[in-house]
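Dear colleague,

I am passing on the structure we talked about, with notes on its aromatic side chains below. Please keep in mind while reading that it is a predicted model.

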Amino acid sequence: MIPILHTEKLTLRAPNWDDFDAYAEFRASKRSRTVGGPFTRADSFAQLSAILGHWHLRGFGRWMVADRVTDEPLGIVGLYLPEDWPEPEIAWSVFDHAEGRGVAYEAAVASRRYAYETLGWPTVASLVDPVNTRSVTLAKRMGCTLDGTHHHPEYGTLNIWRHHGPEDVA
């Protein structure tokens, strides 16, 4: 049910058990603060399970991003719409060892293409904690424009970065 996408350097695929240690390590790190962390291994297991369940419930979701050659897990990127979110978004989290390699950009572009070309979405946003400067930089690199804020009871105030529409990114 979860499609596999390929880019030049990456495979976006369903998470599997072999990815869990890398995922749990990221979720336990200080880098996960802007997404509600750090988390325990047990929390990380529930969250990785929820990533799989999101696909079943919504028909779209986030992929495990892996190196196309080695299949090493590099992060989680894709389409996300939890119940308390204002609209669907492209979300990204890159594991420590993959930071600074263009992984989030390449995977987010593939996710956006999937949202527009496969799902037929007319628009998509990314909700970013304003203190997460790397994610703000990525949103700008993708051509997003600031389009308001969303206050979340757990994550605080998030900036809504609007992606260009399908006609502008084709």
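The structure contains nine aromatic pairs, and I describe two of them in some detail here. In the pair formed by phenylalanine 60 and tryptophan 121, the ring centres are 4.9 Å apart and the planes stand at 90 degrees, so the arrangement is edge-to-face, given that angles over 60 degrees are counted that way. This pair links distant parts of the chain, since phenylalanine 60 belongs to the loop between helix 2 (41-58) and strand 3 (62-67), while tryptophan 121 belongs to the loop between helix 3 (103-118) and strand 6 (125-128), 61 residues apart. Phenylalanine 60 has a relative accessible area of 8% and is therefore buried, the limit being under 20%, and tryptophan 121, at 13%, likewise counts as buried.

The second pair is that of tryptophan 63 and tyrosine 114, whose ring centres lie 5.3 Å apart with their planes at 90 degrees, so this pair, too, is edge-to-face. Because tryptophan 63 is in strand 3 and tyrosine 114 is in helix 3, the contact ties together parts that are 51 residues apart in sequence; both of these residues are buried.

Elsewhere, Trp17, Phe20 and Phe45 make up one aromatic cluster.

Finally, there are charged side chains to look at beside the rings: arginine 62 lies over the face of tyrosine 80, at 4.2 Å from the ring centre, and arginine 141 places its charged end over the ring of tyrosine 105, 3.7 Å from the centre of that ring.

How values were computed
Residues numbered from 1 in each chain as written. Predicted model: local features only at pLDDT ≥ 70, side-chain atom pairs only at ≥ 80, totals over all residues. Heavy atoms only, no water. Phe/Tyr/Trp six-rings, centres within 6.5 Å; stacked < 30°, edge-to-face > 60°. Helix = DSSP H or I, 4+ residues; strand = E, 2+ residues; numbered from the N terminus. Buried < 20%, exposed > 50% of the residue type's maximum accessible area, 1.4 Å probe, protein only. Lys NZ or Arg CZ within 6 Å of the ring centre and 35° of its normal.
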